[in-house]
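The sequence and structure are shown first.

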Amino acid sequence: MQIQIGNVTVHHILGESFRADGGGHFGLVPKVLWERISDTDEFNRVDMVFHGWLIESDGRRILVDTGHGTKLDDK
């Protein structure tokens, strides 16, 4: 996807999906909480995918990493 706003071009970047260690991804959140929202394999890996934005204007480029997505609530 590409959006043109004046002399600024914004590109959506959808990377490849990959599997990462769930414990490393969710940090101190106990597995009994995060496994409710994310399926794991036999090695406790969860599916991940990179979403980003590339902004181009006047010969300059900015890459925006949008992070890992929504967070769990405080509980």
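## Basis and overall fold

How many helices and strands make up the secondary structure of the protein? There are two helices and four strands, where helices (H or I, at least four residues) and strands (E, at least two) are DSSP runs numbered from the N terminus. Along the sequence the pattern reads β-β-α-α-β-β.

This is a predicted model, in which local features need pLDDT of at least 70 and side-chain atom pairs count only at pLDDT 80 or more, while totals for chains, interfaces and linings use all residues. Residues are numbered from 1 along each chain as its sequence is written, and side-chain values use heavy atoms, with hydrogens and water left out.

## Strand pairing

Two strands are taken to pair if DSSP finds at least two bridges between them. Strand 1 (2-5) pairs with strand 2 (residues 8-21) in the antiparallel sense over four bridges. Gln2 has His11 in strand 2 as its bridge partner. The hairpin of these two strands has two residues between the strands, and Gly6 takes a positive phi near 60° there.

Strand 2 also runs antiparallel to strand 3 (residues 45-57), joined by twelve bridges. His11 stands opposite Leu54 in strand 3.

Strand 3 in turn pairs with strand 4 (residues 60-65), antiparallel, over six bridges. Here Glu56 has Arg61 as its bridge partner. This hairpin too has two residues between its strands, and Asp58 in the turn has a positive phi of about 50°.

## Core and contacts

Buried residues (under 20% relative accessible area, 1.4 Å probe, protein chains only) make up 17% of the 75 residues. The largest nonpolar core consists of Ala20, Phe26, Trp34, Val46 and Met48; such a core is a set of buried Ala, Val, Leu, Ile, Met, Phe, Trp, Tyr and Cys residues joined through side-chain atoms within 4.5 Å.

Contact means heavy atoms within 4.5 Å. Of the contacts in the protein with a separation of 6 or more, 53% are between residues 24 or more positions apart.

## Surface

The protein exposes about 6100 Å², of which carbon and sulfur atoms supply 54%; accessible areas come from the Shrake-Rupley method with a 1.4 Å probe, and for residues only the protein chains shown count as cover.

Met1 lies in the segment before strand 1.

Note on methods
Buried means under 20% relative accessible area, exposed over 50%, partly exposed in between (1.4 Å probe, protein chains only).
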